[in-house]
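Thanks for coming, everyone. I'll be brief.

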Amino acid sequence: MRSTVFHRSAHLEDHEMYGLSAECPFCASSDRVPIMILQASPEVLLLNCASCHASSASRMPIPEALDSYYGQYYDDSLKKKVTADTPSRIAAHIFGHSKAHKVDPASSEIAMLDYGGGDGSISTEIANMMLADGVQKVSISLLDYDQSLKECDEGIMQIIRPADLDEVQDGVMDIVVASAVIEHIPDPKKVLIKLLSSLKVGGVFYARTPYVYPLMKIAQAINFQFDFTYPAHVHDLGAKFWNGMIENLSIEGKFQMTRSAPSIVETSFDQHLLRTLAAYTLKMPGYVFKENYGLVGGWEVFI
């Protein structure tokens, strides 16, 4: 079983990875312990940070290895360009939680940053909902390996393709979406800070990430194979990480966590019946027990 139905692991050779990292890529702590083997020969371990509670790969893939991996992933025109069976349901989820914090629901223009959003399936759906709610125009900055786009009405919805995050100005975005992407980034701290810094005052940041180590541990105990999907996934981030993230990034006073909960189920009953049923069943206790329960499969936050 894979941690997600939308990626699969690939074996990396020594020359395709950086050397062993001594520090946590989120908080730079060296207090990390190995909790799982992700790949053998050459060995890659999953290391848990005692300081910020992020779990990350001990060796990160080099850019060329990631280019090769994602190039093969997106070259297949039959593959989906977003990690969800029903992007519209995730879009409605984000829109619903963001709407209460939107400064001006009748603003002449809303700016959105969709980081790692594939072809824009989720962000364009959010934009359509905002337009139906009274917004006059939506501008979407979309960054991803995939360069295909969803069709949209260019008169009221503008899609911009920045080359990288450095082209995105600070303090200009109403909504920032980082759905199922932070776990893919070898150098995540500066990306997280930049994504948050791009928000206007009153803007909303959304992220969801896998948290599968507790499930992997149970699978290992019963001799059941569970694929972490390295090098697609290089981090495993649960409630303890996200609930302490603002403090660990030293951005207290600027940002407020408005929701921290088990992530929305990314699959649907009609396309993945058993997996979806299991996901809903496992996530339910996480809404009550929060950090004390780990079998949620993923976590999400609104900031």
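Let me start with a question: where is Pro231 found? Pro231 sits in a loop, the one that runs between helix H5 (213-221) and strand E9 (235-236). Keep in mind that this is a predicted model.

Why pick that proline? The peptide bond joining Tyr230 and Pro231 is cis, with omega about 10°. Now step back to Thr229. Thr229 lies in the loop between H5 and E9 too. Thr229 is not a glycine, and yet its phi is positive, about 70°. Is Thr229 buried or exposed? Thr229 counts as buried, because its relative accessibility is 0%.

There is another cis peptide bond to show you. This one joins Ser41 and Pro42, with omega about -5°. Pro42 lies in the loop between strand E1 (32-39) and strand E2 (44-49).

And there is another positive phi. Ser250 has a phi of about 60°, and Ser250 is not a glycine either. Find Ser250 in the loop between helix H6 (239-248) and E10. Here the setting is open: Ser250 is exposed, with a relative accessible area of 59%.

Now zoom out. The protein has eight helices and eleven strands. The protein counts 303 residues, and 53% of them are buried. The accessible surface comes to about 14000 Å². Carbon and sulfur atoms own 53% of that surface.

Next, the sheet. Seven strands make up an open sheet with mixed pairing. Read across, the order is E6-E5-E4-E7-E8-E11-E10. Which strands stand at the edges? Strand E6 (157-160) and strand E10 (259-262) do. Each has a single partner strand, so one side of each is left without a neighbour in the sheet. From one strand to the next, the twist averages 15°. A quick reminder: strands of a sheet pair through backbone hydrogen bonds, either parallel or antiparallel. Here is a parallel case. Strand E4 (residues 110-115) and strand E5 (residues 138-143) pair in the parallel sense, over six bridges.

On to the helices. Start with H4, residues 188-197. The buried residues in H4 are Pro188, Val191, Leu192, Lys194, Leu195 and Leu196. What covers them? The cover for the buried residues of H4 includes E4, strand E7 (173-179), strand E8 (199-211), E9 and H6.

Ser198 is placed in the loop between H4 and E8. Ser198 is buried, at a relative accessible area of 0%. Where does its side chain point? The side chain of Ser198 reaches the backbone oxygen of Leu195 at 2.7 Å. Leave aside the neighbours within four places in sequence. Ser198 is then in contact with Leu113, Val168, Gln169, Asp170, Gly171, Val172, Met173 and Val176.

Compare helix H7, residues 273-283. The buried residues of H7 are Thr276, Ala279 and Lys283. Look down the axis of H7: these residues fall within an arc of 60°, so they line one face of the helix. On the other side of H7, Leu273 and Leu274 are exposed. And what does the buried face meet? The buried residues of H7 pack against E10, helix H8 (286-289) and strand E11 (297-302).

One last stop: His235. His235 has its place in strand E9. Is His235 buried or exposed? His235 counts as buried, because its relative accessibility is 0%. A polar atom of the His235 side chain lies 2.6 Å from the backbone oxygen of Ile185. Not counting residues up to four places away in sequence, His235 touches Pro25, Phe26, Ser55, Ser56, Met60, Ile182, Glu183, Ile185, Pro186, Pro188 and Phe228.

Definitions and conventions:
Residues are numbered from 1 along each chain as its sequence is written. This is a predicted model: local features need pLDDT of at least 70, side-chain atom pairs count only at pLDDT 80 or more; totals for chains, interfaces and linings use all residues. Side-chain values use heavy atoms; hydrogens and water are left out. Two strands pair if DSSP finds at least two bridges between them. Helices (H or I, at least four residues) and strands (E, at least two) are DSSP runs, numbered from the N terminus. Axes are lines fitted to C-alpha atoms, for helices over the stretch in contact, and angles run from 0 to 180 degrees between N-to-C directions. Buried means under 20% relative accessible area, exposed over 50%, partly exposed in between (1.4 Å probe, protein chains only). Contact means heavy atoms within 4.5 Å. The arc is that of the directions from the helix axis to the C-beta atoms. A polar contact is a pair of N or O atoms within 3.5 Å; within protein, one must be able to donate a hydrogen and the other to accept it, and residues adjacent in sequence count only if both atoms are side-chain atoms. Accessible areas come from the Shrake-Rupley method with a 1.4 Å probe; for residues, only the protein chains shown count as cover.
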